[in-house]
Amino acid sequence: MTYDLLITQATVATMQPDGLPYGLIRDASIGITDGLISYVGPNDPALSAAIERDVGGRLVTPALIDCHTHIVFGGTRIGEFEDRLAGKSYADLAAEGGGIVSTVGATRAATDIALFDGAAERMGWMLRSGVGTIEIKSGYGLNHRDELRILRTARQLGHVGPQRVVTSLLAAHAVPPEHRDDPDHYVAEICQELIPQVVEEGLADSVDAFCEGIAFSNAQVREVFTAAQEAGLPVRLHADQLTDGQGAALAAEFGALSADHLEHANEEGLRAMGRAGTIAVLIPGASVFLDEANLPNIQAMRRFGVPMAVSTDLNPGTSPLASLQAAMWLATARFRLTPEESLAGTTRNAAAALGLADTGTIQPGLRADLALWATTDPAALAYWLGAPLCEAVWIAGVSAYEAGNDD
Ligand code: DI6
Ligand code: FE
């Protein structure tokens with residue numbers, strides 16, 4: 001068989017479970033045909049290809065998957081960052097009309113082109129740390145027009161690429177200022193108008209919500225989730241980030257794809273997630289940036305068999321973190337994940353958090369979404385902070401990034 005592309009002399013972290021750590025195969029080749037992986041196994045001089053790439057023993061992993069981002073927004077929150085360093089809390093700023101709502105103002109005021117260009121630049125940053133798939137949430141529009149505008153922008157980013165984009169409607173991110181006195185009215189608008197419109201236009205792959213004292217109550221999230229599921233969309237939840245709002249249990253009850261943050265989640269909720277197969281998306285960047293004292297209960301997640309993903313949560317307020325590889329470092333340093341858990345969290349488990357069965361591991365039949373790294377040791381990805389280790393990314397078999405060719 002002649003492959004379109006053959007990567008040879010690789011150390012391959014297939015990330016397939018149930019074998020060696022990292023599903024590691026040394027002295028291996030990967031054959032790619034029509035954008036899919038068609039061979040992974042020992043080097044063999046009999047293999048032939050249109051293009052052959054000898055990687056000299058270096059590491060190849062699945063291209064990383066950032067399963068939780070908010071990259072479509074206007075403005076920044078650098079001033080607020082300085083206010084927090086001077087002693088204000090995130091919740092104080094939200095109560096004063098800052099926080100998410102301040103980004104909403106800047107996003108509503110931004111032109112379509114400015115929104116697109118800002119997010120495209122961030123996608124470029126993410127590519128340099130090996131990211132081939134990105135989940136993008138709305139949530140800085142908080143009205144019909146602007147939530148749709150953000151999701152259309154995200155879809156457009158996916159069409160232009162190079163990365164694959166998965167989208168989530170997060171209209172239930174904060175109560176918009178114009179509904180401050182009547183949040184239930186806004187929730188009804190999400191359920192009765194926004195979700196049907198988003199489904200009609202095919203703009204969202206899932207529906208997310210922020211369940212928190214400063215955002216939406218359990219009862220309100222329940223309404224949004226019910227409407228989403230009736231419309232055929234899976235759900236995910238920002239759960240128990242700042243306080244224990246029983247978010248983990250709520251996510252599990254709805255069979256959510258993921259529950260994200262979880263710094264304050266209780267054990268019963270985590271146990272329920274394990275039973276429901278809901279993925280825990282860990283967000284060490286926001287934990288560090290907000291100097292959050294509670295850490296997610298990793299021991300309980302391991303005990304209850306909750307698969308863990310790791311994401312940047314890239315957003316202007318709580319996690320201006322553009323490198324998923326750095327998020328892996330933070331997940332080990334701050335949350336004590338192992339380097340292997342950290343890499344599973346940005347590949348196999350991140351794919352599961354997005355409901356994607358065609359990426360996240362290296363095996364025949366899956367998309368050829370691959371990253372090449374300047375190391376032979378998979379633990380190095382979570383060990384170095386700030387080293388530009390990613391040398392190349394292929395997305396569906398097409399070269400999307402080569403270090404050194406990027407400017
Ligand atoms: N939790 C977060 O960390 C982000 N959204 C959320 O629900 C914060 C978004 C922001 O502050 O702009
Ligand atoms: Fe978030």
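This is a predicted model: local features need pLDDT of at least 70, side-chain atom pairs count only at pLDDT 80 or more; totals for chains, interfaces and linings use all residues.

Trainee: What's the strand order in the open sheet?
Mentor: The order is 6-7-8-9-10-11-12-13, eight strands with parallel pairing. Strand 6 (64-66) and strand 13 (308-310) are the edges, and each pairs on one side only. On average, neighbouring strands are turned by 25° against each other, direction ignored.

Trainee: How many bridges join strand 11 to strand 12?
Mentor: Three. Alanine 259 stands opposite alanine 280 in strand 12.

Trainee: New topic. What should helix 4 span?
Mentor: Helix 4 has 16 residues, 112-127, so at 1.5 Å a residue it should span 22 Å. Its end C-alpha atoms are 22 Å apart, which agrees.

Trainee: Which residues are buried in helix 4?
Mentor: Among them are Leu115, Gly118, Ala119 and Arg122. Arginine 122 also lies over the face of phenylalanine 73, 3.8 Å from the ring centre.

Trainee: And how many aromatic pairs are there?
Mentor: Six in the whole structure. One of them is phenylalanine 73 with tyrosine 140, edge-to-face, with 75° between the planes. Those two are 67 residues apart.

Trainee: Is phenylalanine 73 buried or exposed?
Mentor: Buried, because its relative accessible area is 7%, under the 20% cut-off. Tyrosine 140 is buried too, at 2%.

Trainee: Why is the pair of phenylalanine 81 and phenylalanine 289 called stacked?
Mentor: Because their planes are at 20° and their ring centres are 5.2 Å apart; stacked means planes under 30 degrees apart. Phenylalanine 81 lies in helix 1 and phenylalanine 289 in helix 10, so the pair ties together parts 208 residues apart in sequence.

Conventions:
Residues are numbered from 1 along each chain as its sequence is written. Chains are lettered from A and ligands numbered from 1 in the order in which they are written. Side-chain values use heavy atoms; hydrogens and water are left out. Helices (H or I, at least four residues) and strands (E, at least two) are DSSP runs, numbered from the N terminus. The expected span of a helix is 1.5 Å times one less than its number of residues. Buried means under 20% relative accessible area, exposed over 50%, partly exposed in between (1.4 Å probe, protein chains only). Two strands pair if DSSP finds at least two bridges between them. Axes are lines fitted to C-alpha atoms, for helices over the stretch in contact, and angles run from 0 to 180 degrees between N-to-C directions. Rings of Phe, Tyr and Trp (its six-membered ring) pair if their centres lie within 6.5 Å; planes under 30 degrees apart count as stacked, over 60 as edge-to-face and the rest as tilted. A charge sits over a ring if NZ of Lys or CZ of Arg is within 6 Å of the ring centre and within 35 degrees of the ring normal.
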